[in-house]
Amino acid sequence: MTEDGRPKTEERHFGLPSSVSRLLNMKIAVIKYNSGNVQSVLYALERLGVNAELTDDPEVIRAADKVIFPGQGEASTAMRYLKERKLDQLISDIKQPFLGVCLGLQLLCEHSEENDTECLGIFPVKVNRFVPENSQEFKVPHVGWNELENLANNPLLKDLPAEPFVYYVHSFYAELSDYTIAQTHYIHDFSGILHRDNYYAIQAHPEKSGLVGEKLLSNFLCI
Amino acid sequence: MLTKRIIPCLDIKEGRTVKGVNFVELRDAGDPVELAKIYSDEGADELVFLDITATVDKRKTLAELVTKVAKAINIPFTVGGGISTIEDVKVLLNAGADKISINSSAVKNPQIINDMAAEFGSQCVVVAIDTRNVDGIDFVHTHGGRKATLLKTQEWAQEVCDRGAGEILLTSMDHDGTKAGFSNELLAEISSALSIPVIASGGAGTMTHFKDVFTFGKADAALAASIFHFKEIGIPELKSYLSDSEISIRK
């Protein structure tokens with residue numbers, strides 16, 4: 001069921017739901033903060049036919065139907081920026097479907113080893129640095145396409161292939177937890193995707209993960 | 001399992017693809033946006049755009065092109081050519097590039113690697129190294145391989161890694177254009193010594209060469225231009241060959 005109580009219509013595999021008009025009218029806020037590469041998230045949403053607003057205006061974020069929290073960069077700088085603008089409180093209080101991406105996932109966790117940073121604590125999960133025992137075999141950052149495994153039965157993962165490839169670029173990872181709905185193996189298993197209540201978070205870059213990434217984003221828009 | 005990446009490279013001059021391409025699907029073989037879309041749809045893991053004009057007055061055209069490509073494709077792409085300042089990087093990232101590649105400017109002013117990594121994160125800083133073997137020693141060359149430097153390739157690779165580069169794109173000028181295979185020995189030496197991924201470039205001619213560069217060359221990714229543009233090797237067939245050869249690859 002959708003948030004307005006109407007049943008969801010059928011979706012095409014790897015595509016937009018047929019109820020495009022509902023999505024077109026949807027208000028999507030992409031949180032603006034000092035993180036790089038927000039542009040590619042906006043373009044990916046544009047390819048799905050929806051318009052998103054890049055904003056740090058609390059009113060606009062509160063009024064949005066869906067909120068996306070992208071990110072690339074360094075954790076402590078990002079947290080400081082969010083706190084200065086009181087966006088940390090806003091994110092913690094948000095009630096609508098919320099999607100953290102990459103650094104966005106890490107900031108939704110409890111603590112990051114990156115400059116010993118206290119994060120937002122939505123997910124009671126620790127974020128650690130990859131430490132390879134054998135640097136020939138495992139390089140850091142973890143860059144490239146890797147598989148999501150052990151996919152839970154979750155609306156965000158609807159109609160995905162069994163072990164889909166997604167594009168990763170990161171040096172820190174969230175540990176496995178009760179909130180992990182898909183995991184990836186690199187050096188060890190880590191949380192590829194997390195879910196708790198209205199909060200979803202993806203460590204990979206769905207905006208750069210081909211058709212699988214588009215499906216993840218469109219699934220999120222349909223939640 | 002993390003897969004090896006196949007990366008087509010487009011050489012761009014004044015907003016058009018050069019080196020010639022013969023994609024039958026293309027209405028206009030020189031349109032980099034159409035070509036990028038085809039590679040993306042065919043399963044390329046990333047794209048590299050190399051702006052070979054790269055003069056100041058052409059940068060605006062490049063940024064507009066980057067935006068068009070970023071809107072059209074759903075895989076990562078790197079833009080290189082003539083980038084030397086933080087401002088250059090900002091413009092290209094805002095236009096939609098995911099990573100930038102620097103080469104001559106890093107040799108001229110190595111501190112720029114630290115500065116760019118600090119400003120934008122290591123993950124978007126690729127340092128391209130053009131190397132040529134001179135009397136048994138590998139030396140870094142700049143300006144498209146024309147200018148020799150006194151930097152030894154292995155030492156420079158280690159230095160750019162230490163300065164915060166996220167990836168190295170290593171092009172062997174001795175192999176480039178020969179279609180006789182990648183410089184696996186040098187690649188293996190550098191890839192084993194470094195903690196960051198190495199993209200191999202120069203020498204791709206057959207599908208076996210790709211298999212060799214991932215096994216003997218220990219490369220994390222392989223880049224090629226003309227063999228893809230001229231359809232000598234198709235990305236889907238290359239990927240199924242590699243997969244059959246037990247190379248970890250995204251299908």
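The following conversation concerns a predicted model with chains A and B.

Biologist: Which residues does UniProt give as "active site"?
Modeller: The unreviewed UniProt entry places that feature at C102(A), H205(A) and E207(A).

Biologist: Why do they count as gathered at one spot?
Modeller: They span 106 residues in sequence, but no two of their C-alpha atoms are more than 10.7 Å apart, so they come together at one spot. Of these residues, H205(A) and E207(A) are included in the lining of the largest cavity.

Biologist: Where is C102(A) placed in the chain?
Modeller: C102(A) is in the loop between strand 4 (98-101) and helix 6 (103-108) of chain A.

Biologist: Is C102(A) buried or exposed?
Modeller: C102(A) counts as buried because its relative accessibility is 4%, and the cut-off for buried is under 20%. Leaving aside neighbours within four places in sequence, C102(A) is in contact with residues including G71(A), V169(A) and H205(A).

Biologist: And E207(A), buried or exposed?
Modeller: E207(A) is buried as well, with 5% relative accessibility. E207(A) lies in the loop between strand 13 (199-202) and helix 7 (210-221) of chain A.

Biologist: What does E207(A) touch?
Modeller: Not counting residues up to four places away in sequence, E207(A) touches S40(A), V41(A), A44(A), R47(A), V101(A), L217(A) and, in the other chain, N74(B).

Biologist: Turning to the two chains, how many residues does the contact take from each?
Modeller: Chain A gives 29 residues and chain B gives 37 residues. Between them the chains bury about 2,600 Å², with 52% of that area on carbon and sulfur atoms.

Biologist: Which residues of chain A lose the most area to chain B?
Modeller: They are K139(A), W145(A) and K208(A), which together account for 28% of what that side buries.

Biologist: How many salt bridges are found across the interface?
Modeller: The rule finds three salt bridges between chain A and chain B. One of them pairs D98(B) with K208(A), and their closest N and O atoms are 2.9 Å apart. There are also 19 residue pairs in polar contact between the chains.

Biologist: Which element of chain A gives the most to the side that touches chain B?
Modeller: Strand 8 of chain A does, with six residues.

Biologist: Changing topic, which residues of helix 8 in chain B are buried?
Modeller: In helix 8 (residues 207-215) of chain B, the buried residues are H209(B), F210(B), D212(B), V213(B) and F214(B). They pack against several elements of chain B, among them strand 1 (5-13), helix 7 (184-193) and helix 10 (235-244).

Note on methods
Residues numbered from 1 in each chain as written. Chains lettered and ligands numbered in written order. Predicted model: local features only at pLDDT ≥ 70, side-chain atom pairs only at ≥ 80, totals over all residues. Heavy atoms only, no water. UniProt positions renumbered as here; feature names shortened; annotations may be inferred. 1 Å grid on protein atoms, 1.4 Å probe; cavity = no way out; pocket = protein on both sides within 12 Å on 5 of 7 lines; lining within 4 Å. Helix = DSSP H or I, 4+ residues; strand = E, 2+ residues; numbered from the N terminus. Buried < 20%, exposed > 50% of the residue type's maximum accessible area, 1.4 Å probe, protein only. Contact = heavy atoms within 4.5 Å. Buried area = accessible area lost by both parts, 1.4 Å probe. Salt bridge = Lys/Arg side-chain N within 4 Å of Asp/Glu carboxyl O. Polar contact = N/O pair within 3.5 Å; in protein donor to acceptor, adjacent residues only side chain to side chain.
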